Amino acid sequence: MPELLIEIRSEEIPARMQVKAADDLKRIFTDGFTALGLKFGAARAYSTPRRLAVVIEELDAAQADLREERRGPRVGAPEAAIAGFCTSAGVAREALQVQETPKGNFYIAQIERRGRPTTEVIAELLTGALWSFPWPKSMRWGAEAAGPSSKLTWVRPIHTVIALFGGDVVPFSLARNDDTGHGIRAGNVTAGHRFMGRETFEVSGFADYQARLRAAYVIIDPDERKKIIWADAEKIAAQAGLEVTPDPALLDEVAGLVEWPVPLMGRIDDAFMAVPAEVLTSTMRANQKYFALRDPVTGKMAPRFLTVANLLARDGGAAIAAGNERVLRARLSDAKFFWDQDLKATLESRVARLDSIVFHARLGTVGEKVKRIEKLAVEIAGTIGADPTKAARAALLAKADLVSDIVGEFPEVQGIMGRYYALKDGEDAVVAEAIADHWKPQGPSDKCPSDLVAVSVALADKIDTLTGFFAIDEKPTGSKDPFALRRAALGVIRLIVENGLRLPLRPLFGAVADSLLDFFHDRLKVSLKDQGVAHDLINAVLGTGAEDDLTRLVEKVSALKSFLETEDGRNLLAAYRRASNILRIEEKKDGARYQGPADRSLFAAEEEKALGARLDEAMPLALAALRKEGFAECMQALALLRNPVDAFFEKVTVNADDVALRANRLKLLAEIRGALDGIADFSRIEG
């Protein structure tokens, strides 16, 4: 079956948009073909700074012919209903047939439609893609772009469009507005690299397209460009006795800036190496897209950088590297000036200036927030075994670097700079590290602090933010979370759970405890779901939702999960459901609620006697284990119930003719229900 090749070549597409745009273009075609009943094989998307490309293999040449019998209104129905059916089916009134059925006679339409050629479908889908592509931002361009009739937009001006199906050009043209002849036509022509392969050339299919682009200095696969960049960068660094500092996000971005990547090494002036490495790498990364290098032995940043050029220079890249060194020198001169200025003042002297920075109009200044954090950090430190004095000191200084010149220029190094300034001022090293770490963790991949002083301050900062915004009813709604409260809650969860802290949250949450705990429980479900734990297990352990000890909660969930993965656990859950269902039915019928304990003297069958004895044995063990938080032991005790429960349901008739015996057996079922509900709310467990 034929192959489809689509390429849309334009001016430079922003790097952050390229991969998603290529995937969107592929999706437009694959979803469209699927919806129209066209079968196809592998589909691949490619992107470079100047083109999006899609290749779809083994695509049907045409839609299959449609033969369908559609039943319409009953014979004798109003003419308007019959006419409407004819219109929807696309048949004439006289073409209708009558079908006899046990429910009466109905009109039948025999519908036959020839399938459209795939070239028509491709042109239709390409038109839709060009008119309504989901770019985050787009633009009008060309001589008529300023006119009122200009309608077509794209992320950047389009140069050419390739649409080849089975090696033939798909008939396609598109006017860019309603009034002029300016438009876009599909062809088989493209061009290579902007500087090294600008001549246009024809292609006959994907293999030819890929090979001729490579000959014209264009590598269309972004993953291949990344591999080339990283391999060459590592080779260049190794030749200098260094290694490249890994930065996957920067690698993704740089691969979207070049069609023919050529890594080059540059030098950083020694005078700038006195500036903290985090500041140097921040400006190199954010402004110049440079990779930092480091000494493989010490791990310290080296006075070198790697840039990735987009061409093969005649001088081997010497002039390009020198030009980048000049640009970087200007950038780093500013950073060094800010650093030198910041060193003239102590970190503590900056604290007073926080009173002039508004944190939130209804929550006061950053200075006021610092006072709240300081108080809360001391309370938390006393609970988790941290040094309250050091926690208070770290909380006081934690936000002070916000008013430094460096952080004003490079906000991403806040906290980190506070640590440098604190150490320069002679602050305790534990305090300095707590200042750096109090922002953490900021995401699922961010390292979680483990020093208890740092943990105290980090918790205090996040809890103050959460309680403050909940108090003024600025809670997250739907997908909107302007104050990043979900991230703050997940940060608190990680700080507590990963450090195994026993920290009751309700006293720290104050007046908003109920609503904030509900919010935390929802966040915990998200966190545990990412670890493969079903949300219903959390619901079962939460019960009334009053649990505010997250470590206890997670340990209990883990024990329950492990228990239910065993045969004993699964069978006991099934028995619980069976007992609950019987009780629900009989309680509704009797208008009464049955509760244990059952009267052991009324037991008649050996199986109910054995079950009663095992309940008397297992439940004290389970509850004792629960009280001392031996959750695994608790589940082991519950497992003792499995065999006698199975035997009871197999041999004993609950709804006995004897009224007293029936009631007593229902109470025994209530004991089973109550015993398990005392451990967790098993009724909330799904599946």
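Biologist: Why is Ser 10 called buried?

Modeller: This is a predicted model, and in it Ser 10 has a relative accessible area of 0%. Buried means under 20%, so Ser 10 counts as buried.

Biologist: Which residues does Ser 10 touch, leaving out those up to four places away in sequence?

Modeller: Ser 10 touches Arg 50, Trp 154, Arg 156, Pro 157, Ile 158 and His 159. A touch here is a contact, with heavy atoms within 4.5 Å. As for its own place, Ser 10 is found in strand 1, which covers residues 4-10.

Biologist: And the chain as a whole, how many helices and strands does it have?

Modeller: The protein chain comes to 24 helices and 18 strands.

Biologist: What share of the residues counts as buried?

Modeller: Of the 687 residues, 49% do, by that under 20% cut-off. The chain exposes about 32500 Å², with carbon and sulfur atoms supplying 51% of it.

Biologist: What percentage of the contacts between residues at least 6 apart in sequence join residues at least 24 apart?

Modeller: That's 68% in the protein chain.

Biologist: How far apart are the mean positions of the positive and negative charges?

Modeller: They are 2 Å apart, for 91 positive and 99 negative charges.

Terms used: Residues numbered from 1 in each chain as written. Predicted model: local features only at pLDDT ≥ 70, side-chain atom pairs only at ≥ 80, totals over all residues. Heavy atoms only, no water. Helix = DSSP H or I, 4+ residues; strand = E, 2+ residues; numbered from the N terminus. Buried < 20%, exposed > 50% of the residue type's maximum accessible area, 1.4 Å probe, protein only. Areas by Shrake-Rupley, 256 points an atom, 1.4 Å probe, with all protein chains shown as cover. Lys, Arg positive; Asp, Glu negative; His and termini not counted. Charge placed at Lys NZ, Arg CZ, Asp CG, Glu CD.
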